[in-house]
Amino acid sequence: MSKPLKQIHLAAHFPGVNNTTVWSDPKAGSHIEFSSFVHFARTAERAKFDFLFLAEGLRLREQGGKIYDLDVVGRPDTFTILTALAAVTEHLGLTGTINSTFNEPYEVARQFASLDHLSGGRAAWNVVTSWDAFTGENFRRGGFLPQEERYSRAKEFLATANELFDSWHGDEIVADQAAGAFLRDTKAGSFVHHGQHFDIHGQFDVPRSPQGRPVIFQAGDSDEGREFAASSADAIFSRYATLEGGRAFYRDVKQRLAKYGRRHDELLILPAASFVLADTDEEAGELAKDVRRLQVSGATAIKHLEFVWNRDLSSYDPEGPLPDVDPDVSADHISQGRAQARMYRDPIATAREWRELAAAHNWSIRDLVIETGNRQNFIGSPATVAHTINEYVQADASDGFILVPHITPTGLDDFADKVVPLLQERGVFRTDYEGPTLRHNLGLALPDDLRREERVAS
């Protein structure tokens, strides 16, 4: 008996502060003007995508003590953007990245409950932690937390927020005009939480929202991050966009669910993926090379090499050979606020490996950065890209993808017009939304349904 076809989930990541975004392209628009966000969101909704996703940084990145301005710098606040987009969309989920290290549960719960109300049940929260003291300098407490404490705080932060969401049950407001009674229960919203990280009590002032709780996303790839997702998240982002890497990650995370009493389908796995489309596979391959060279300018290549060498390499020619000098492993890091700097645990070994690659292939500095960096995940004609995406999902390498176009705000247009119809023809992607909330469209149970199931089981 054949396995039933899985339905693909698709989301759109508004291009942002990273070198995936080619802001210098003549076709590129503003990353700040609201019209860009509107075009992007409406394109995603027209294509029946599940949600729009916004990443967020809490401090401008620096390199060599100066703002790193080769990528897009700065963007409006996430909640402000998502709330505004709620007014110009009807079905598209609205996912914001909000930090659990420097915020407070009451404030964040209030913001997400409000967004869920104003959007009619389309709010989602990507729960992240902050790893560096550099970012912490922007906040009153300053500093940062070791990794194990970051996840401990994040778990309690989310648990506390859920207590606030659940402090309203949904039947408290009667608004009886004749009797002059607004609330059935004057204790609505009451909460008490005593924990390691938070000690709060009071009354939550936002009534129960359409979803009860926002959909919860998590993006950590460490063992702690995977456990956090398995215990508490509705979806996890993944950086594994190859078939075998994706399948291994999928198996690992899904098998962790049972220990928390969760089913296989209660956590979605959604890797981020970039793409390049053209009329033929050959044309797409050539276009992908052009895009990569736009993404990695000579100046960008030098800055990227500085992540590893931890030295000022501005005197080097990006079209020339790699430095003979070894990385400086003794000094404070030249790059601040950039997570990629942590990828290179052994800079000396990385430099040696890169020199060997450059010598073997006759690569310049820029060639090396292009070839060893993140290339586009899906390259080809619309038919090829549709086939590959479906292949990955049906093979359990993912449950779908969060697409990251390299142009703002029109970079999603061709995918919506040319790839989505092919997925719909295959019967693996919706032709209309399944329900009124993001949870409905992602196939996730509402919190109330979960609680009823628990009561029946007990």
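**The contact between the domains**

Author: Domain 1 and domain 2 bury about 1,200 Å² between them, and 52% of that area lies on carbon and sulfur atoms; buried area here is the accessible area (1.4 Å probe) that two parts lose on being put together, summed over both. The model is predicted, so that local features need pLDDT of at least 70 and side-chain atom pairs count only at pLDDT 80 or more, whereas totals for chains, interfaces and linings use all residues. Residues are numbered from 1 along each chain as its sequence is written, and side-chain values use heavy atoms, with hydrogens and water left out.

Domain 1 covers 9-281 + 376-457 and domain 2 covers 297-372, with bounds that come from an automatic or database domain assignment. The centres of the two domains, taken over C-alpha atoms, are separated by 33 Å. Twelve residues from domain 1 and twelve residues from domain 2 take part in the contact, where contact means heavy atoms within 4.5 Å. Of the area that domain 1 buries against domain 2, Arg61, Gln63 and Trp131 supply 49%, more than any other three residues.

Across this interface the rule finds zero salt bridges, a salt bridge being a side-chain nitrogen of Lys or Arg within 4 Å of a carboxyl oxygen of Asp or Glu. Two residue pairs are in polar contact across the interface of domain 1 and domain 2, both at pLDDT 80 or more; a polar contact is a pair of N or O atoms within 3.5 Å, where within protein one must be able to donate a hydrogen and the other to accept it, and residues adjacent in sequence count only if both atoms are side-chain atoms. The side of domain 1 that touches domain 2 has four nonpolar, three polar and five charged residues, with Ala, Val, Leu, Ile, Met, Phe, Trp, Tyr, Cys and Pro counted as nonpolar, Asp, Glu, Lys and Arg as charged, and the others, Gly among them, as polar.

Leu60 touches Ile67, Val73, Gly74 and Phe134, when residues up to four places away in sequence are not counted. Leu60 and Thr135 are 75 residues apart in sequence, yet their C-alpha atoms are 8.6 Å apart in space. With 40% relative accessibility, Leu60 counts as partly exposed, since buried means under 20% relative accessible area, exposed over 50%, and partly exposed in between (1.4 Å probe, protein chains only).

Turning to charged pairs, the structure holds 30 salt bridges. One of them joins Glu62 to Arg59, with the closest N and O atoms 3.7 Å apart, and Arg59 is partly exposed at a relative accessible area of 24%. Another links the side chains of Arg293 and Asp367 at 3.6 Å, N to O. Because Arg293 lies in helix H8 (residues 281-295) and Asp367 in helix H11 (residues 365-372), this pair ties together parts that are 74 residues apart in sequence. Arg293 is partly exposed at 32% relative accessibility, as is Asp367 at 21%. In the salt bridge between Arg263 and Glu266 (3.0 Å, N to O), Arg263 is partly exposed at 41%, whereas Glu266 counts as buried at 16%.

Note on methods. Helix = DSSP H or I, 4+ residues; strand = E, 2+ residues; numbered from the N terminus.
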